[in-house]
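These are my notes from going through one model.

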Amino acid sequence: MNAETSDLIAQRIEKVNALRQKGINPYPVRFARTALAKEIKDTFVDGEERVVAIGGRIRTRRLMGKASFANIEDLSGSIQIYAKRDDLGEEAYERYTGLDLGDIIGVEGKTFRTKTGEISVHVTSCALLAKCINPLPVVKEKDGVLFDEFADKELRYRQRYVDLIVTPKSRQDFILRSRIIAGIRSYLAERGFLEVETPMMQAIPGGAAARPFITHHNALDIDLYLRIAPELYLKRLIVGGFEKVFELNRNFRNEGISTKHNPEFTMMELYQAYADYHDMMAITEGMISTLAQDLLGTMRIDYQGSTVDLTPPWERITFVNIIKKYTGIDFETITTVEAARAAAESVGLHPDTDLSIWKIANEIFEERVEDKLIQPVFVMDYPKELSPLAKSREDNSALVERFEPYIVGREIGNAFSELNDPFDQRARFEEQVRLREAGDDEAQMMDTDYINALEYGMPPAGGLGIGIDRLVMLFVNTASIKDTILFPLLRPE
């Protein structure tokens, strides 16, 4: 904190003390607001005087002796207020002119239009509702472009409350995020899906290949895991007869932090009985394109210099063929780890020595293919080794009925024709346990209760997960997942 800022804070604290000495509470209990800035402007009628009570934060002010103008801002927008010393009285006007940028005030007054044509509120009374002690960052505008906005990105993440005050785009982006989530709920409810809730603390973390966070329950004296996915619980509900279920959930994976990853993230996961992965493709492209049309007014989105067309149907291509398309490597002809390693080295990669053929293929896909997938595409028919919970293809048991939707070089979801054979599921869990015992801390644990559930019979089903944070990245045109999470995880200062 520099000396100038320190002096401003001291001055503002002194103003708080001065008000208290006069018996005025600078943080009153309530203010009865009757209107919002946007609503006043939208409903204004010339010649019609309306008495309103509005509340908001002072963003600009212009003091002119016996009269002054200011702009206050609420969530709906900004509106100009006009105050005169003759209307408020000497003492009240002095308090009014002593307000600072950032102060939250409540104003009562009458609506009118100024000589310059701006809809405003003529103040008849004003109350300080919350003193802004810390000065807000200065935001400047030139030729309609904002600059000097809270420029330190990390500080914006650490102090999101300030970012939301001074950065209009941040505010609008998070409003859009909320509307995307509401739109997903509406889309699925209209199609008969039931929203449910499943445990966030689990004795056995399952449903994904990921390292979990561990916590401890004192009363039961047992370790629990924060869920890495709700999948196995949602499929238990399919067993129980809930034929269409979904959950908007928080997942926790003990992994690195990047522009694409946050250890705590939001997923939408759904399951539908008597459906398969083709049905999940239809839901995915239908839901995302509908959200774009409803919320953005178009299915063609500008993203980081590219125009992305979300209009269905999206391209469908197999995992093997998309690697072949972009690298020339054909994994249908590779039968040994040595050949797979040589193929990887031909495109500049050097896989770990303990990787299998298909894990080497996946590394090639992630490093040499993913970033080329700008337009929406369903990458489908993955190797069984990479998908322990998906149903095998009937014509090729080495592959499974799984797809991942990719847009702008990022996987935004995952979907299966769900495995409902308890014998096959047990064998796959046993293989995961073997991998875990060999040192793979992302391999899944044996979940005997889930197998027990399958033994009661689960109908054929399709399942789909969509990463909400990554979807929002697309809609708000940002390259960093931290811009879509109100309070992303950061290293402590």
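Entry 1: I started with helix α7 (residues 168-189) and α9, which pack at an angle of about 130° with their axes 10 Å apart. I note that this is a predicted model. Two packed helices are described by the angle between their axes and the distance between the axes, so I wrote down both. Angles over 145 degrees would count as roughly antiparallel, and 65 to 115 as roughly perpendicular. The pair α7 and α9 is therefore oblique. I also looked up the handedness: α7 passes α9 in a right-handed crossing.

Which residues meet where α7 and α9 pack? From α7 I listed Leu-176, Arg-179, Ile-180, Gly-183, Ile-184, Tyr-187 and Leu-188. From α9 I listed Ile-283, Gly-286, Met-287, Thr-290, Leu-291, Leu-295 and Leu-296.

**Entry 2: α9 by itself.** I checked the length of α9, residues 277-296. At 1.5 Å a residue, its 20 residues should span 28 Å, and the end C-alpha atoms are 28 Å apart, so the two values agree. At the start of α9, I found a side-chain oxygen of Asp-276 within 3.0 Å of the backbone nitrogen of His-278. Just after α9, Gly-297 has a positive phi of about 80°. I then looked up burial: the buried residues of α9 include Ile-283, Gly-286, Met-287 and Leu-291, which are also on my list of residues that meet α7.

**Entry 3: α12.** I ran the length check again on helix α12 (residues 357-368). Its 12 residues should span 16 Å at 1.5 Å a residue, and the ends are 16 Å apart, C-alpha to C-alpha, so this agrees too. Buried in α12 are Ile-357, Ile-360, Ala-361, Asn-362, Ile-364 and Phe-365. An α-helix has 3.6 residues a turn, so residues three or four places apart point the same way. What covers the buried residues of α12? I found α10 (319-327), α11 (337-346), β17 (377-380) and β20 (402-407) among the elements that do.

**Entry 4: two single residues.** Ile-40 touches Ile-54, among others; the two are 14 residues apart in sequence and 9.5 Å apart in space, C-alpha to C-alpha.

Thr-114 sits in the loop between β4 (104-113) and β5 (119-130). With a relative accessible area of 12%, Thr-114 is buried as well. Leaving out residues up to four places away in sequence, Thr-114 touches Phe-69, Gln-80 and Ser-120.

Definitions and conventions
Residues numbered from 1 in each chain as written. Predicted model: local features only at pLDDT ≥ 70, side-chain atom pairs only at ≥ 80, totals over all residues. Heavy atoms only, no water. Helix = DSSP H or I, 4+ residues; strand = E, 2+ residues; numbered from the N terminus. Expected span 1.5 Å × (residues − 1). Buried < 20%, exposed > 50% of the residue type's maximum accessible area, 1.4 Å probe, protein only. Contact = heavy atoms within 4.5 Å. Polar contact = N/O pair within 3.5 Å; in protein donor to acceptor, adjacent residues only side chain to side chain. Axes fitted to C-alpha atoms, helices over the stretch in contact; angles between N-to-C directions. Parallel < 35°, antiparallel > 145°, perpendicular 65-115°, else oblique. Left-handed = near helix turned anticlockwise from the far one by under 90°.
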